[in-house]
Amino acid sequence: MIEEKNARVILPRAHERTGATQGELHWRGLEELTATGTFPEYHRRRFHDSEWTDPVTRRQLLLLMGASLPLAAGGGCSPAPAQPGRVGPSVHPPRKMVPGQPPSFATATLDALQRDAFRYFLKETNPANGLVPDKTRADKPARAGNAPASIAAVGFALTVYPVGVERGFLTRAEAVRRTLATLRFFWTSPQGAEPDATGHKGFYYHFLDVQSGRRAGQCELSTIDTTFLLAGMLAAAAYFNQDSADEREIRMLADALYRRTNWQWARNGGATVTHGWKPEGGFLKYRWEGYDEALLLYALGLGSPTYPLPAESYAAWTCTHRWKEIYGHEFLYAGPLFIHQFSHLWIDFRGIQDEFMRSKGIDYFENSRRATLVQQQYAVRNPLEFDGYSGHFWGLTASDGPSWTTRRVRGVERRFFDYLARGAPYGPDDGTVAPWGVLASVPFAPEVVLATVRHFQEVYPEVMGKYCFKCSFNPTFTAEAQRKPSWTSAYHYGINLGPIVLMIENHRSGLPWRLMRFCPYLITGLRRAGFTKGWL
């Protein structure tokens, strides 16, 4: 059962993780961080509205603050040519409406939210190279900001384009044009050890300049964000299966880009994969160990026909998993919701199991359902007594936040955070919830997700923006600058909106999941990882 914890919100020392594994962290006093200047340092290192100010990226911030640490032509994923706009028979038919849920609400709401989230990629993407800004302000015109591009957001874009075609959000011809522009850019962009290249060894820098496509600031060559980018490329190759010159080129480029990725190099001599590399200092010291969003990384790395990971890499990753019982739910624990979602954007884990899950008698899909229900139950219990928390108000994940600050709220001293991976039940938690994180769990627990979405829309309409939900909001934090009794993020993030589009579609039709079943590399990787049964 869950252990008793102090009620106050505390954070870990930035460089002390004694006994901590990914997803289970030993938190230290926040005052220790403040005394050493850690918070001001990391606050300065965020990239702001006006410029890129420092080499520390958002992912490094999440990792250092404890989000996920111990946090040939025609080849590739292309099935036989099919009719325009078709991807073959549905392996899993669309889900039935949730019992008791009014059809008019569920259908109309999901339609609108999916369409509005998709518009981010339609309006904000650079059409010349396919690069997608990491974030934009909700109150600014399209492409008015100067945030760098996120390669993970590009991977999401490549996967949402097929959804857009099937839903009538854009034409197949326009989706082909956008996909080709993206793949051609990555194929011809500079690879090498130079500090201003786009990538190295088939991997790419976490953030790129939206216009030039070169490395932004001194960010890391990111193995996990490259994974999301490659997954998007392979999904595009599976969808664009017609025998036209452009669609053949999409399949050829996606295949070549995936084959170029040197997963063996990324191990740096170890069993597991490193988080990344920098030309200034070499490999980062952290590795993908413990339960995290790297499930997809290991599957794609194991499936490579050119530089495959050894089977021991996956075993080394799973041996650090931690099984817990919380609120009556036994599951593989990780605090933030995104860890339980990102690999599921592309992989249908229903009915397939690796050795770890076989020993527990469930699959990763059921695991994510239980993690979702734990988040809801944490909000019902509301141990820190934040405003709004209830069975219809929850959703702790990686998200924007009010500020690194301490305030006295109705006699209680509370500490608030900026961008951070929040989690339940062990924290960190400052009262900030992310509606996108809730909506991205709709395949796992539609009965609780749809009711929560409706509550957000009806009770907190300020969280809605031009591209679906804004990143996050906090009713406990009074935002004087916004002249409101609560704080709402000013931003839309590409890495939030992509999961909304894709998980709504997985819930409704399973299209992204079905596309990846055509990918022999993914199938090979899953089998080498020990997955059996089900659709495999």
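A residue counts as buried when its relative accessible area is under 20%, and Gln375 is therefore buried, since its value is 3%. The model in which this holds is a predicted one.

**Gln375 and its surroundings**
- Gln375 belongs to helix H13, which spans residues 364-381.
- Leaving aside residues up to four places away in sequence, Gln375 is in contact with Gly335, Pro336 and Leu337, with Trp394, Gly395 and Leu396, and with Ala424.

**Nonpolar cores**
- The largest nonpolar core holds 152 residues, and the members that touch the most others within it are Phe186, Trp346, Leu439 and Phe531.
- Helix H7, residues 223-239, gives this core its largest share, which amounts to 12 residues.
- Another core, of five residues, lies apart from the largest one, and Val409, Phe416, Phe477 and Trp487 are among its members.

**Helix H7 against helix H10**
- The axes of H7 and H10, the latter covering residues 295-302, are 9 Å apart and meet at an angle of about 65°, and the crossing of the two helices is left-handed.
- On the H7 side the contact is made by Thr223, Ile224, Thr227, Phe228, Ala231 and Leu234, whereas H10 contributes Leu296, Leu297 and Leu300.
- Sorted by class, the residues of this contact between H7 and H10 comprise seven nonpolar and two polar ones, with no charged residue.
- In an α-helix there are 3.6 residues a turn, so residues three or four places apart point the same way.

**Helix H11**
- Within H11, which runs over residues 311-318, the buried residues are Ser313, Tyr314, Ala316, Trp317 and Thr318.

**Cysteines**
- The count of disulfides in the model is zero.
- Cys319 is exposed, because its relative accessible area is 61% and the exposed class begins over 50%.
- Cys471, by contrast, is buried, because its relative accessible area is 1%.

Terms used. Residues numbered from 1 in each chain as written. Predicted model: local features only at pLDDT ≥ 70, side-chain atom pairs only at ≥ 80, totals over all residues. Heavy atoms only, no water. Helix = DSSP H or I, 4+ residues; strand = E, 2+ residues; numbered from the N terminus. Buried < 20%, exposed > 50% of the residue type's maximum accessible area, 1.4 Å probe, protein only. Contact = heavy atoms within 4.5 Å. Core = buried A, V, L, I, M, F, W, Y, C linked by side-chain atoms within 4.5 Å. Disulfide = S-S within 2.5 Å. Axes fitted to C-alpha atoms, helices over the stretch in contact; angles between N-to-C directions. Left-handed = near helix turned anticlockwise from the far one by under 90°. Nonpolar A, V, L, I, M, F, W, Y, C, P; charged D, E, K, R; others polar.
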